[in-house]
Amino acid sequence: MVIALLILLIGLSPSIASWLVLRRADARAQARLQLALDSLASRGLPSLEHHPDRQYVEGLGYVMGDISCRFNARSPYVRCAVNPTGPCQDCRAYESTLLE
């Protein structure tokens, strides 16, 4: 009877050890994820919502800059290829796409 219990214990020990290691690794991963989330929350990343040059265009979504310019990138991050950081006012490369 003792030998049967010893064989059973030896047979189950790798499974139990593996379960303990996985449980510890999962706890560490959860702690690191929580630390990353807390760090992101405290960092206060800038939001694109408050950018004054950003506007919503139906069919395109949010875009930056003057949408009537031929060189506008139609992107929420870049204004155009000629003057990507802006501003659009008094840009020498402005070409209107609107028919006048």
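A: The count comes to 1 cavity of 30 Å³ or more in this predicted model. The volume of the largest cavity is about 80 Å³.

Asp66, Cys69 and Phe71 line the largest cavity, together with Arg79, Cys80, Val82 and Asn83. Cys88, Cys91, Ala93 and Tyr94 complete the lining. By class, the lining residues divide into 8 nonpolar, 1 polar and 2 charged. Asp66 and Arg79 are in the lining and count as charged. Asn83 also lines the cavity and counts as polar.

Now the cysteines. Cys69, Cys80, Cys88 and Cys91 are among the lining residues, yet the structure holds 0 disulfides. A disulfide is a covalent bond between the sulfur atoms of two cysteines. The cut-off for such a pair is 2.5 Å. Take cysteine 88: the closest cysteine sulfur to its own is in cysteine 80, 6.3 Å away, so the two are too far apart for a bond. Cysteine 91 also has its closest cysteine sulfur in cysteine 80. That distance is 5.6 Å, again too far for a bond.

What of exposure? Cysteine 88 is partly exposed, with a relative accessible area of 24%. Cysteine 91 is partly exposed too, at 22%. Buried would require under 20%.

In short, cysteine 88 and cysteine 91 line the cavity.

Conventions
Residues are numbered from 1 along each chain as its sequence is written. This is a predicted model: local features need pLDDT of at least 70, side-chain atom pairs count only at pLDDT 80 or more; totals for chains, interfaces and linings use all residues. Side-chain values use heavy atoms; hydrogens and water are left out. On a 1 Å grid over the protein atoms alone, a cavity is a set of points where a 1.4 Å probe fits but cannot get out, and a pocket is an open set with protein on both sides within 12 Å along at least five of seven lines; lining residues have an atom within 4 Å of a point. Grid points are joined across faces, edges and corners, and a volume is the space filled by probe spheres set on the points. Buried means under 20% relative accessible area, exposed over 50%, partly exposed in between (1.4 Å probe, protein chains only).
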